[in-house]
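Dear colleague,

I am handing over the structure we spoke about, and below it you will find what was found in it. Please read the notes with the structure open beside them.

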Amino acid sequence: MERHAKIAAIQQRLKPWMFPIAMVLGVIFHSYIYKVEWIVPYLIFTMLTITFCRVKPREFDLSPMLWIMLAVQIIGAIGVYVALKPLNSDVAQATFICVLCPTATAAPVVTGMLGGSIPRVAAFSVISNLAVAILAPALFTWVGNNTELSFIEEFTSIALKVAPMIVFPLLVAFLLYFFAPKAHAAVAKVQGISFYLWSISLIVVVGRAVSFVMAEPAGAIPQMIAMAIAAGAVCAIQFIIGRKVGRRYGDPVSGAQGLGQKNTVLAVWMALTYLNPISSVGPAAYIAWQNTINSLQIYFKTKRDIHKN
């Protein structure tokens, strides 16, 4: 028992540092990341299945809070693009995708660590991704118009990226709940694994982003810096707005994570596919911003928990 207590204490102290450690490892080993990037979808699938097993169907409540957050996501994306386009079209695209991008597949994991409602964020993750899958083809035609794909082809390609990572793990969790409740309960008890799986996937995502940035010419550096700054600004704003919306419904953590923590892997892919490829620097920078914010939140919460004990 004493040994387990020591291990638990070490894990609790290590958690706040896992995000920055993962980011640093991604930067250091970026040239080797392409060899293991295939593993990320499997990590995300496993992680979400474990996380969603904490969600019971009767807890899947689509409250007004979620619809307000969705409106902020869609209207906010259009608003920032219209505001920034006269200044720089590429920066406008980069900022647009950082706001339009749906909720991160790992948002329920961090939400649970911070004491928020996993079912609420899980519900918003689903409707956020589905909304983007439906609206993105028309929005990308308006903003980027860099592809000859038809509406149906664009819709299908985006949906195929979203469904395996979001919908299928949810279905697996619900099937376990209804047909294998003992297995569902067993999976629900190993929630800590999800955090470390996401840390591993973060190493890969950061490594891919660094490789892309380093391949750009030196003349693009000022523009990329502007994109990174804009991404940081909208990241902070979304966390703040999400927290304020969530506070109105007694759940500031879920509001902040649902609106501020983005599926940046999907965002980078969408930027490369449908917008000017250089705009992918925006969501790539967003990775660092959102995980810095999450690292600080986890650090301060862990510190408070240690003092309470």
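A residue is called buried when its relative accessible area is under 20%, exposed when it is over 50%, and partly exposed in between (1.4 Å probe, protein chains only). By that rule cysteine 98 counts as buried, at 3% relative accessibility, and cysteine 53 is buried as well, at 2%.

This is a predicted model, in which local features need pLDDT of at least 70 and side-chain atom pairs count only at pLDDT 80 or more, while totals for chains, interfaces and linings use all residues. Residues are numbered from 1 along each chain as its sequence is written, and side-chain values use heavy atoms, with hydrogens and water left out.

The pLDDT, which is the predictor's confidence in each residue from 0 to 100, averages 81 over the protein, and 86% of the residues score at least 70.

The structure holds zero disulfides, a disulfide being a pair of cysteine sulfur atoms within 2.5 Å. For cysteine 98, the nearest cysteine sulfur belongs to cysteine 101 and is 7.7 Å away.

Five aromatic pairs were found in the whole structure; rings of Phe, Tyr and Trp (its six-membered ring) pair if their centres lie within 6.5 Å, and planes under 30 degrees apart count as stacked, over 60 as edge-to-face and the rest as tilted. Among them is the edge-to-face pair of phenylalanine 96 and phenylalanine 140, with 6.3 Å from centre to centre and 80° between the planes. Both phenylalanine 96 and phenylalanine 140 are buried, whereas tryptophan 38 and tyrosine 42 are both exposed.

Best wishes
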